[in-house]
Amino acid sequence: MNYDFTAIEKKWQKYWEEHNTFQVKEDPSVPPEKRRYVLDMFPYPSGAGLHVGHPEGYTATDIYCRYLRMNGYNVLHPMGFDSFGLPAENYAIKTGTHPRVTTEANINRFRQQIKSLGFCYDWSREVATHQPEYYRWTQWLFLQMYRKGLAYEAETPINWCPSCMTGLANEEVKEGHCERCGSHVVRRNMRQWVLKITEYAERLLQDVDKLDWPEAIKAMQRNWIGKSVGAEVTFRIDGSDKTLTVYTTRPDTLFGATYMVLAPEHPLVKELTTDECRKQVEEYIARAALKSDLERTELNKEKTGVFTGAWAINPVTGKKIPLWIADYVMVSYGTGAIMAVPAHDRRDWEFAKVYGLPIVQVLSGGDAQKEPLEEDGELINSEFLNGLRKAEAIERMIDWLEEKHIGRRAVNYKLRDWIFSRQRYWGEPIPLVHCPKCGIVPVPEDQLPLRLPEVEKYVPTGTGESPLAAVSSWVNTTCPCCGGPAKRETNTMPQWAGSCWYYLRYLDPRNEKEFASKEAIDYWMPVDLYVGGAEHAVLHLLYARFWHKVFFDLGLVNTDEPFSRLVNQGMITSYAYQRPNKTLVPTDEVEETAPDRFVERATGEPLERVIAKMSKSLKNVINPDDVIRDHGADTLRLYEMFMGPLQMSKPWSTQGVAGVQRFLEKVCRYASKPLTDRPLDAETAKLLHKTIQKVSDDTESLNFNTAIAQMMTLINEVSRADDCPRQVLEPFTLLLAPYAPHLAEELWSTVLGNEPSVADQPWPKHDQSLTAETTNPIAVQINGKKRELLELPAGLSKEDLLSAVLASPEVQKRLEGVSIVKSIVVPGKLVNLVVR
Ligand code: ANZ
Ligand code: ZN
């Protein structure tokens, strides 16, 4: 059999499409434990088309889904497009082409590219967030949140790009600069719609614990929510009846509070500032407004501030302490004011050094005049706290403050409410009306979707309103409540809105009465496995959890978390070539003069091969279309899975692709040998059943690279024979089916003469009597501490034992975020991993 991958792949893609092979129904006879929902992060259909990172996660879920189907599961595996967003709008600003036109052309290209990989998506469930049939429900869900009091209007400072004349989301600000044009971003007060995600902070934090997600992502969510436990302390202002309350995590250090700092935006600044100091204070406030939060909080920045002329009284020492303003204090955190303890807080210490403020040490353990002491110690210079350690002293001080009614225990979260409006065109209109008589009135639900009107110009107006504000026929409307003249809200929703709930729409995508039926939700939810890139660690994944919890409270969904299990695929990187001065050379200007020796063609200068992100400028971007054309989709799929563990980042290698293609060619050559029905010899039978066992286990645990390696081992061994026994080819074809589905179909029907589709066949079972091996308990130590006890086959070599240990999910969990610097293997006994 000749491996004509182009013909084979076309043929089977057509077959699957015509036979609706992968359409899935909510079959009630399938018991709940046999239902699975496997989700990919849907792509933003950019103009660049699919990149090789997309097929990585998509192939992984595809293999897993095909494997589950063959094991008798009813599997929901949908795909769609996150199609509102900035690039299409920027393109419209440049060219005048409607974002819908660009977006839909891009979607068509993406769909065709994704289909060319032969994935088992149920395409009848495709959704795209920009379609009115979809965003009707985004608007409806927003209104449910609004009615629950979770959406409110506020004047808040936001990131503003003075050159693009638009507000930006935090995530659109890169190191203080506008992602679009590179201008310096400033703070500007603007009317905004805000979602009360902070009301869910504690639950979002607590429930992280019950998620089967990578530890690194869970840690990022916890940090982003940023719970902090401490106290509020109220200070009297000298010569005034005003008081000032601060938030501190270290009330134990109150005896060391030698000055106070207010955020420049703190509402009391104007009142407290004395006339002598007013001019400098106002100048400072104006300068601080030009900085982004990031610049203000950067640790290594020289601290700046000004004295307000006012003094407070330290409640425990009774001493007068000066009141400053400084931009390292944020108005939006805690109370926007701090008690400064330079002896024990680095930022305060740096500030005190710049302005010559007193440093009073209140914990033992070093010399605070020389450097801040941030560790635990024994309290000194602190009267009733002397001799206590930090934790006890905190408790004692809070009791004291509560007794005197000048303080109390307090909790703070870093998480801020979510600024939910954009001054943009290409997003969901916010379905609210402003009526001079009735105030804010929701658009009645039977009038949804509130469609985006056509506009002539996509350029932001600079007034803080979106281009929609210029469409007076759309803006001017009647109040749904009193029928009087009213105006529509012209801000649109942010890019994240549609992706907050798309996984629910897939359940019931054509429902015109509800966002999804209760039956479909009960049938499929929660998502059993969600695969995507780690770049969504906080934003999308936190926003979606928040919406889902709100829906849960509203009785709209049956679970309080949307995604039970999350797996992050590693980044596919590329090789790049570096000059001695660390600059990079585009790949097409590099020559390999000997194996692993590279020079710059123009100069003959030696270059070092390094690993870098694929980028246009380095000309090392791999286009999946080219790989499919030259090597076939099955090779692309198999190669991306064979590159290494799914979760790891790994560089693209052109030789690697060719190697995988040779494996599939070898399979074809083997299948071209005379097909026989002879019984297998004992050794072949044993290898075959070991292969079935390993491929099953590894596929189940998403260790696709080792499953492929085992299939390669099998083919190498069996192709020594002159014939091709059906007893080998048939089970092998079934094992191959999730991985290289086109070739597997071809082998199944053309070579083996069976009825298609191989995707509907039961998964092969291994014969335990053939695979049973004696096992040994192997202790796995990490940095010398015993962490796991694994039952592993006896007689493994050092290398095999180490790879078996590294392949175990328990060990992989423990190795997240660390790197192995050394491993010590004692065969049959233990493996010690030294990590950093
Ligand atoms: C006195 C003190 C002494 C503090 C000490 C720390 C160490 P987390 O853990 O992040 O919650 N802080 C409070 N509000 C602030 C604001 N709006 N902007 C900048 N800094 C602020 O940190 C809480 C600590 O950060 C608080 O505890 C306060 O400094 C500072 F040895 O108070 B601390
Ligand atoms: Zn009205």
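Helices and strands here are DSSP runs, numbered from the N terminus. By that numbering, Lys616 sits in the loop between β26 (606-612) and α18 (624-631). The model is predicted. The protein is divided into four parts: domain 1 (140-222 + 418-495), domain 2 (227-413), domain 3 (572-621) and domain 4 (775-835). Between the centres of domain 3 and domain 4, taken over C-alpha atoms, the separation is 36 Å.

**Lys616**

- UniProt, in an unreviewed entry, lists Lys616 under "binding site".

**Surroundings of ligand 1**

- Ligand 1 is surrounded by 18 residues, of which the closest are Ser228, Thr248, Arg250, Gly334 and His344.
- Two or more residues of this shell come from each of the elements β9 (243-248) and β13 (337-340).
- By residue type, the shell around ligand 1 holds eight nonpolar, eight polar and two charged residues.

**Helix α7**

- In helix α7 (residues 215-225), the buried residues are Ile217, Gln221 and Ile225.
- Seen down the axis of α7, these buried residues fall within an arc of 75 degrees, so they line one face of the helix.
- Glu215 and Asn223, on the other side of α7, are exposed.

**Sheet β4-β3-β7-β15**

- Four strands in the order β4-β3-β7-β15 make an open sheet with antiparallel pairing.
- The edges are taken by β4 (166-168) and β15 (418-419); each has a single partner strand, so one side of each is left without a neighbour in the sheet.
- The pairing of β4 with strand β3 (residues 151-161) is antiparallel and covers three bridges.
- Trp160 has Gly167, in β4, as its bridge partner.

- Strand β32 (residues 820-826) and strand β33 (residues 830-835) run antiparallel and are joined by six bridges.
- Val825 is bridged to Val831, which belongs to β33.
- Three residues lie between β32 and β33 in this hairpin, and Gly828 in the turn has a positive phi of about 75 degrees.

**Backbone exceptions**

- Most residues other than glycine have a negative phi, and most peptide bonds are trans.
- The peptide bond from Leu448 to Pro449 is cis, with omega near 0 degrees; Pro449 is in the loop between β17 (439-442) and α13 (472-475).
- A cis peptide bond also runs from Pro756 to Ser757, again with omega near 0 degrees; Ser757 is found in the loop between α24 (741-751) and α25 (768-771).
- Glu383, which is not a glycine, has a positive phi of about 40 degrees.
- Glu383 belongs to the loop between α11 (346-355) and α12 (390-403), and is exposed, with 9 other C-beta atoms within 10 Å.
- Asp596, another residue other than glycine, has a positive phi near 65 degrees.
- The loop between β24 (590-594) and β25 (597-600) holds Asp596, which counts as exposed because it has 7 C-beta neighbours inside 10 Å.

Terms used:
Residues are numbered from 1 along each chain as its sequence is written. Chains are lettered from A and ligands numbered from 1 in the order in which they are written. This is a predicted model: local features need pLDDT of at least 70, side-chain atom pairs count only at pLDDT 80 or more; totals for chains, interfaces and linings use all residues. Domain bounds come from an automatic or database domain assignment. Two strands pair if DSSP finds at least two bridges between them. UniProt positions are given in the numbering used here, feature names are shortened, and annotations may be inferred rather than shown by experiment. A residue is near a molecule or strand if its C-beta atom, placed from the backbone, lies within 6 Å of it. Ala, Val, Leu, Ile, Met, Phe, Trp, Tyr, Cys and Pro count as nonpolar, Asp, Glu, Lys and Arg as charged, and the others, Gly among them, as polar. A residue is buried if 20 or more other C-beta atoms lie within 10 Å of its own, exposed if 12 or fewer, and partly exposed in between; C-beta atoms are placed from the backbone. The arc is that of the directions from the helix axis to the C-beta atoms.
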